[in-house]
Amino acid sequence: MRPAADPFILDRIPHRPPFLWLDRVLEISGETIRAEKTIDHDLPLFAGHYPGYPLMPGVLLCEAIFQAGALLIGELMGNKGAVGEGGMPVLTRIMGAKFKREVRPGDTLEIIATLIERMGPAWLLKGSVRVDGKTAVQVEFACARKEGA
């Protein structure tokens, strides 16, 4: 049985299991966040992606980065423990996603998101997922603050 989701994360972003792709925050330093997620062997998605050779879908690896980015933006906005207070970051653009290695059940992801630039209500970030110190995914993305989210 999986441990309960981290209240620190649950208080700051609206994502919930089974679509929460962060287990714990390792560090928030300046304009960078590092988080972790261990990929369970028994995720139902592995029954179809792919039977006999389960792979974590790249789009979900990107989603983990986006969730870490939303958490970082919330912290930078001062939303410490208030989901949606002051608006919620919503993904508006994905640029240059690169998939460099497979992620398999049992792998522990190190998820990093860094703020590149803020332009009014918009935020430009870059992020990566690493497994065993090796980059699996890199992506740049933009978010905008949605009021009332």
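Glu-75 counts as buried at 12% relative accessibility, where buried means under 20% relative accessible area, exposed over 50% and partly exposed in between, with a 1.4 Å probe and protein chains only. Arg-12 is likewise buried, with a relative accessible area of 12%. These two residues form a salt bridge whose closest N and O atoms are 2.6 Å apart, a salt bridge being a side-chain nitrogen of Lys or Arg within 4 Å of a carboxyl oxygen of Asp or Glu. The pair links distant parts of the chain, since Glu-75 lies in helix H2 and Arg-12 in the loop between H1 and strand S1 (24-29), 63 residues apart.

The model is predicted, so that local features need pLDDT of at least 70 and side-chain atom pairs count only at pLDDT 80 or more, while totals for chains, interfaces and linings use all residues. Residues are numbered from 1 along each chain as its sequence is written, and side-chain values use heavy atoms, with hydrogens and water left out.

By the rule above, the count comes to 6 salt bridges, including those in this table.

| Salt bridge | Closest N to O distance |
|---|---|
| Glu-75 and Arg-12 | 2.6 Å |
| Glu-36 and Arg-24 | 2.7 Å |

Glu-110 in strand S4 and Arg-34 in strand S2 are 76 residues apart, and Arg-34 is partly exposed, with a relative accessible area of 27%. Asp-23, Arg-24, Glu-36 and Lys-37 are linked in a network of salt bridges.

Helices (H or I, at least four residues) and strands (E, at least two) are DSSP runs, numbered from the N terminus, and two strands pair if DSSP finds at least two bridges between them. Strand S2 (residues 32-38) runs antiparallel to strand S4 (residues 108-119), joined by 7 bridges, and S4 in turn pairs with strand S5 (residues 122-131) in the antiparallel sense over 10 bridges. Leu-109 in S4 stands opposite Lys-37, and its bridge partner in S5 is Val-131. Between S4 and S5, which form a hairpin, there are 2 residues, and Gly-120 in the turn has a positive phi of about 60°.

Leu-109 and Ile-111 are among the residues that touch the most other members of the largest nonpolar core, which has 37 residues; such a core is a set of buried Ala, Val, Leu, Ile, Met, Phe, Trp, Tyr and Cys residues joined through side-chain atoms within 4.5 Å. Helix H2 gives the most to this core, with 11 residues.
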